[in-house]
Amino acid sequence: MEAARQGGAEKYRMRIKEQGKMLVRERIQELLDAESAWIEDGLLARTLDSGLAADAVVTGVGLVHGRPVAIIANDPTVKAGAWGRVTVQKILRLQDLAVKAKIPLVYMQDSAGARLDEQFDIFLDRHHAGKIFYNQIQMSGVIPQICVLFGPSPAGAAYLPAFCDVVIMIEGQSSSYIGSPRMAEMATGEKVSMEQLGGARMHCAQSGLGDVLVSDESTAIDWVKRLLTYLPPAWDQKPPQEDSRPPRVTTPIEDIVPAPQNVPYDVHQLIEALVDGDSFVELKALFAPELVVGFARLGGRALGVLANNSKVKGGVLFPDSADKGAWFVELCHAYGLPLLFLQDISGFMVGSQVERQGIIRRGAKMLAAVASATVPRIAVLVRKAYGAGYMAMSGASFQADMVLALPTAKAAIMGPEAAINAVYYNKIQSLPESERAQFVAEQEARYAQDMDILRGASEFYIDAVIPGDALREELIFRFQLLEEKRERGPERRTMVIRG
């Protein structure tokens with residue numbers, strides 16, 4: 001048994017250490033609570049017949065924050081962590097246990113993929129490797145699945161992180177790709193490095209596969225621990241609650257948010273001025289940063305935050321940020337986290353490039369995700385609340401439970417400049433050049449009066465206009481009112497979205 005716990009041969013263990021990486025059981029030990037109980041199944045798998053310690057994967061259950069968590073961890077010292085016939089059976093077995101026990105599942109992925117010399121025993125049957133991904137899909141939204149890529153995840157195994165709720169990658173160490181650089185060159189003639197093809201930074205900044213980019217393994221494990229403080233053990237249980245803490249940022253909101261609509265500001269400061277101190281955990285920070293998403297606490301309660309970031313592309317929604325928003329809304333909805341939307345948006349991006357990238361189709365995914373979310377939803381109109389962006393950020397027409405506004409908010413189908421150009425283009429062109437600027441200024445001023453949020457409030461189109469110094473307590477109280485909200489959509493087989 002001790003030999004099985006050691007893993008592969010000494011030379012392979014030394015190689016891992018030389019690379020600055022932890023051994024598989026060291027990773028598990030760092031994740032678990034100190035002196036935690038640990039139940040491991042399959043320790044002796046294939047140890048006698050072939051000497052493949054645990055068949056290159058450690059599977060078991062331990063305690064994190066005092067709560068049970070299932071762990072599937074590749075051992076790269078045994079066959080480079082590649083999957084064999086018993087590896088697959090061990091993974092399937094623990095997936096089944098995690099669902100039955102209703103506990104989160106953490107994948108510690110560091111694998112060379114499938115063993116080609118065992119492909120007949122792992123590829124064709126109902127209980128072969130493909131069922132791992134089938135199970136992940138069935139478990140999606142049932143129990144949290146978190147993946148840390150400690151090394152490679154190639155070919156078919158690349159889909160394992162893709163089916164997880166949150167993926168953490170280590171810069172210079174993680175990689176995921178369908179075909180290796182050598183295979184890509186053979187198939188397409190393209191010469192590309194491993195980092196360019198499937199490295200951690202590329203996936204976290206460009207493809208969107210990665211949600212968190214870290215510098216080392218210990219930080220990656222700390223991220224898993226922190227994420228588990230926001231997620232419930234299973235979909236039908238409540239997220240963990242903590243004591244309320246005052247916000248980290250004490251700057252008045254009026255000093256954070258400039259009244260002029262086109263002056264950018266750091267929306268992270270606004271978030272940190274509202275939520276409990278040091279509770280905001282941003283996800284996909286490098287991917288489509290015009291939309292900021294992450295977990296936080298408000299009065300001790302866990303929730304999800306979506307905020308338009310005016311410092312990046314004016315906070316306009318692009319195809320990637322629409323995908324990002326849809327994913328995050330669905331993630332929060334799956335595990336019962338209320339949603340706070342902080343709107344400062346002039347709409348979706350326009351132009352031929354984004355149309356070719358599917359801005360309508362991908363924007364519809366975000367709209368559908370918001371409309372389908374039955375968890376408590378509160379939208380705060382911070383400044384701009386224009387067009388379809390107002391709907392995508394959970395405006396009143398998309399049936400938010402409550403819609404509030406700061407005094408700086410402006411609501412309209414489009415901003416003054418675009419609206420006046422659209423309505424009065426022919427009139428403007430007919431005027432002498434010397435009179436055009438004054439005419440446009442007059443029309444924009446008149447249009448701006450209609451955009452004033454007090455007009456919307458006076459018609460009861462929104463619920464309340466709240467001064468910045470009262471917004472945090474107002475949100476805490478309103479989310480508390482909605483805590484027992486139970487709502488179902490219409491009965492149907494499934495929704496069809498052109499995504």
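Tutor: A salt bridge is a side-chain nitrogen of Lys or Arg within 4 Å of a carboxyl oxygen of Asp or Glu. Keep in mind that this model is predicted.

Student: Which residue meets the side chain of D276 in a salt bridge?
Tutor: Side chains of opposite charge can pair when their charged atoms come close. Here the N to O distance is 3.0 Å, and the partner of D276 is R472.

Student: How many residues apart in sequence are the parts that D276 and R472 tie together?
Tutor: D276 lies in the loop between α12 (267-274) and β10 (281-283). R472 is in helix α20 (residues 468-481), so the pair joins parts separated in sequence by 196 residues.

Student: Are D276 and R472 buried or exposed?
Tutor: Buried means under 20% relative accessible area. D276 and R472 are both classed as buried.

Student: Which strand holds K384, the salt-bridge partner of D344?
Tutor: D344 and K384 meet at 3.3 Å, N to O. D344 lies in strand β13 (residues 339-345). K384 is 40 residues apart from it in sequence, in strand β14 (residues 377-386).

Student: Why does K384 count as buried?
Tutor: The cut-off for buried is under 20% relative accessible area. K384 counts as buried because its relative accessibility is 7%.

Student: How far apart are the closest N and O atoms of E118 and R46?
Tutor: Both residues are buried. They form a salt bridge, with the closest N and O atoms at 3.0 Å.

Student: How many salt bridges does a search of the whole structure find?
Tutor: Some are linked in a network, which joins K21, R27, D110 and E217. The search of the whole structure gives a total of 33.

How values were computed. Residues are numbered from 1 along each chain as its sequence is written. This is a predicted model: local features need pLDDT of at least 70, side-chain atom pairs count only at pLDDT 80 or more; totals for chains, interfaces and linings use all residues. Side-chain values use heavy atoms; hydrogens and water are left out. Buried means under 20% relative accessible area, exposed over 50%, partly exposed in between (1.4 Å probe, protein chains only). Helices (H or I, at least four residues) and strands (E, at least two) are DSSP runs, numbered from the N terminus.
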